[in-house]
Amino acid sequence: EFLRLRKTVDMMSAWAVHVACFGVVIRSCVRSGTRSFAAASCGRDRLCVVDAHNLCYRLHHGLPALSGPSGEPVHVVMGFCNKVLQLWKTFPDHRMAVVFDHGRSDFRNMLLPTYKAKRSAMPFALSQQMDIVREACRSFGLPAISQPGFEADDIIATCVANARAELFAAVAVISTDKDLLQLVTPPGADTNVTIFEDRKKLL
């Protein structure tokens, strides 16, 4: 039992180093996160982080199906582009970055091989559109951030941690994932971290 625990600790330590190195990449992406069309210098930086897969799943199930000229589904892409424009209006003085899942979570699956084993695969009509959503991010000038072996939650938490370390004034996370509520800061914190539920326009 001791050897098993020791192996787990060693593995987690290795992943901690990986996360620390990855944080350098995230810090660069956060710093280069595109401001909205109306953004201007307003003192301390602010950041808006979009949970792309969370948003795209909701768009897929919430919007009527639309097809492009060749019959390919496009409703998620259209909804995503509209949402980015809405968020720019809601957070006009924030930098913005979009975070994507990148397959399985390696360190979680090493700790628990059955982690999310029963989760259904992404609907085909949605998976067809994810590369176009990433292309839309590039067209908007937005960083599209992902990292093999990590989930979007891990990357979002890293973005928030780096923004807090650099004393950003505020971070708004766009997601309905309740697990991310642990990132919210109490009133009076140096960096005001909030979760914005865009469907209800609630922080």
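Analyst: Helix axes are lines fitted to C-alpha atoms over the stretch in contact, and angles run from 0 to 180 degrees between N-to-C directions. The model is predicted, so local features need pLDDT of at least 70 and side-chain atom pairs 80 or more, while totals for chains, interfaces and linings use all residues. Residues are numbered from 1 along each chain as its sequence is written, and side-chain values use heavy atoms, without hydrogens and water.

User: Why are H2 and H5 called oblique to each other?

Analyst: Helix H2 (residues 52-62) packs against H5 at an angle of about 130 degrees, with the axes 11 Å apart. Under 35 degrees counts as roughly parallel, over 145 as roughly antiparallel, 65 to 115 as roughly perpendicular and the rest as oblique. H2 and H5 are therefore oblique.

User: Which residues of H2 and H5 meet?

Analyst: His-53, Cys-56, Tyr-57 and His-60 in H2 meet Ala-125, Leu-126, Met-130 and Val-133 in H5; contact means heavy atoms within 4.5 Å.

User: How many aromatic pairs does a search of the whole structure find?

Analyst: The search finds two. In one of them, Trp-88 and Phe-140 have 5.4 Å from centre to centre and 85 degrees between the planes. This pair links helix H3 (residues 75-90), which holds Trp-88, to helix H5 (residues 124-140), which holds Phe-140, 52 residues apart.

User: What makes the pair of Trp-88 and Phe-140 edge-to-face?

Analyst: Rings of Phe, Tyr and Trp (its six-membered ring) pair if their centres lie within 6.5 Å, and planes under 30 degrees apart count as stacked, over 60 as edge-to-face and the rest as tilted. At 5.4 Å and 85 degrees, Trp-88 and Phe-140 are edge-to-face.

User: What makes Phe-91 and Phe-196 edge-to-face?

Analyst: Their ring centres are 5.2 Å apart and their planes lie at 85 degrees, so this pair is edge-to-face. Phe-91 is in the loop between H3 and strand E3 (95-99), and Phe-196 is in strand E6 (residues 192-196), 105 residues apart.

User: How do you know whether Phe-91 is buried or exposed?

Analyst: Buried means under 20% relative accessible area, exposed over 50%, partly exposed in between (1.4 Å probe, protein chains only). Phe-91 has 8%, so Phe-91 is buried. Phe-196, at 5%, is buried, and Trp-88 is buried at 5%.

User: Where is Val-160, and what does Val-160 touch?

Analyst: Val-160 is in helix H6 (residues 152-165), and its 3% makes Val-160 buried. Leaving out residues up to four places away in sequence, Val-160 touches Val-171, Val-173, Leu-183 and Val-193.

Key:
Helices (H or I, at least four residues) and strands (E, at least two) are DSSP runs, numbered from the N terminus.
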